[in-house]
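Here is a short briefing on one protein model. Please look over the sequence and the structure before reading on.

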Amino acid sequence: MSTLRVPQPIPPVADDCEQLRKAFSGWGTNEGLIISILAHRNANQRKLIRETYAQTYGEDLLKALDKELTSDFERLVHLWTLDSAERDAFLANEATKKWTSSNQVLVEIACTRSSQQLFFARKAYHSLYKKSLEEDVAHHTTGDYRKLLLPLVSSYRYEGEEVNMTLAKTEAKLLHEKISKKAYNDDDLIRILATRSRAQINATLNHYKDEFGKDINKDLKADPKDEFLALLRATVKCLIRPERYFEKIVRLAINRRGTDEGALTRVVATRAEVDLKIIADEYQRRNSVPLERAIVKDTTGDYEKMLLALLGQDDA
């Protein structure tokens with residue numbers, strides 16, 4: 001469930017562009033005006049604003065925003081204003097260039113988006129960077145990480161609900177066998193996680209728990225410090241329980257000494273129109289504190305206001 005709140009009736013796009021132009025004019029920037037418009041428009045409306053702004057003023061709105069805004073607030077507004085495929089391509093490119101074995105952003109994009117969304121992100125990557133996401137992932141990763149990430153980002157999963165229960169039982173047994181032998185980089189284990197539909201993986205992992213008495217992710221915690229195992233657990237969580245995966249990212253971002261604004265920004269910008277309400281409910285259930293209260297405690301200024309607006313916690 002989305003947390004985005006769009007006013008009714010929606011103002012004409014020309015008015016939005018004029019107001020944004022005003023926000024950039026004169027002494028200082030009117031950040032409140034920018035939030036009141038962009039944080040309350042859906043993806044199609046924001047795209048139309050960008051197009052109209054460029055036609056009217058001969059300038060890319062993103063460039064204007066980057067010039068006028070700074071720091072975490074600028075990054076949040078920038079990510080939010082991009083369309084979702086461009087945003088995923090941008091985040092994926094950043095993740096490949098700054099890749100470390102603890103970086104889960106590529107798994108997040110590959111496993112929480114629909115097949116179509118991932119396909120569009122790969123197309124946007126071509127347009128923006130004049131190369132493919134797959135070649136960058138292959139170039140910047142090595143060993144087991146490459147072996148897992150390359151098929152994940154290349155995947156085009158079946159999205160239907162049909163499930164083959166015989167296959168689920170066979171593959172649950174296969175997964176248990178490989179994990180028991182600590183063959184975490186096994187071809188079949190990776191093939192199952194990288195190609196099966198979410199419905200099929202869900203059935204397989206339910207059978208795994210029924211048959212062997214444990215969640216697969218408990219068995220993949222044999223060595224909590226092993227970053228490849230952490231990546232496998234993230235893959236499973238993103239495919240089956242994305243709201244729990246994102247809740248943990250937000251919790252760790254807020255609870256660490258000094259907020260991890262990068263992670264918090266990414267989750268809010270990418271999930272506000274998807275399932276941020278479910279993530280916020282999961283956060284409150286797990287931490288006994290509303291997410292908006294945790295954000296108010298941990299952030300300040302226009303960055304805080306934009307986060308709260310995207311959480312649906314201001315007046316549209």
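In which helix is S115 found? S115 sits in helix α8, which covers residues 115-129. Keep in mind that the model is predicted.

**S115 and its surroundings**
- S115 counts as buried, because its relative accessibility is 5%.
- A polar atom of the S115 side chain lies 2.5 Å from the backbone oxygen of R157.
- Beyond its neighbours within four places in sequence, S115 is in contact with Y156, R157 and E159.

**Cysteines**
- How many disulfides does a search of the whole structure find? The search finds zero.
- A disulfide is a covalent bond between the sulfur atoms of two cysteines.
- For C111, the closest cysteine sulfur is in C238, 5.8 Å away, which is too far for a bond.
- The cut-off for a disulfide is a sulfur pair within 2.5 Å.
- Seen from C238, the closest cysteine sulfur is that of C111, again at 5.8 Å and too far for a bond.
- C111 is buried, with 0% relative accessibility.
- C238 is buried as well, at 1% relative accessibility.

**Helices α3 and α4**
- Helix α3 spans residues 43-57 and helix α4 spans residues 61-68.
- Their axes come within 9 Å and cross at roughly 90°.
- The two helices are therefore roughly perpendicular to each other.
- From α3, the contact uses I49, R50 and Y53; from α4, it uses L61, L62 and A64.
- By class, this contact has five nonpolar residues, one charged residue and no polar ones.

**Helices α5 and α6**
- Helix α5 (residues 71-81) and helix α6 (residues 84-97) have axes that come within 8 Å.
- The crossing angle is roughly 130°, so α5 is oblique to α6.
- On the α5 side, R75, L79 and W80 take part; they meet R87, F90, L91 and E94 of α6.
- The residues of this contact divide into four nonpolar, three charged and no polar.

**Helix α12**
- Which residues are buried in helix α12 (residues 187-195)? They are L189, I190, I192, L193 and A194.
- The cover over these buried residues includes α10 (143-154), α11 (165-180), α13 (198-212) and α15 (227-240).
- D186 caps the N-terminal end of α12.
- In that cap, a side-chain oxygen of D186 lies 2.8 Å from the backbone nitrogen of D188.

**R251 in helix α16**
- R251 lies in helix α16, residues 242-255.
- Is R251 buried or exposed? R251 is buried, because its relative accessible area is 13% and the limit for buried is under 20%.
- Setting aside neighbours within four places in sequence, R251 is in contact with Y283, R286 and N287.

**I279 in helix α18**
- I279 belongs to helix α18, residues 276-287.
- I279 is buried, with a relative accessible area of 0%.
- I279 and E243 are 36 residues apart along the chain, and their C-alpha atoms are separated by 5.0 Å.
- Leaving out neighbours within four places in sequence, I279 is in contact with E243, F246, E247 and R271.

Methods. Residues numbered from 1 in each chain as written. Predicted model: local features only at pLDDT ≥ 70, side-chain atom pairs only at ≥ 80, totals over all residues. Heavy atoms only, no water. Axes fitted to C-alpha atoms, helices over the stretch in contact; angles between N-to-C directions. Helix = DSSP H or I, 4+ residues; strand = E, 2+ residues; numbered from the N terminus. Parallel < 35°, antiparallel > 145°, perpendicular 65-115°, else oblique. Contact = heavy atoms within 4.5 Å. Nonpolar A, V, L, I, M, F, W, Y, C, P; charged D, E, K, R; others polar. Buried < 20%, exposed > 50% of the residue type's maximum accessible area, 1.4 Å probe, protein only. Polar contact = N/O pair within 3.5 Å; in protein donor to acceptor, adjacent residues only side chain to side chain.
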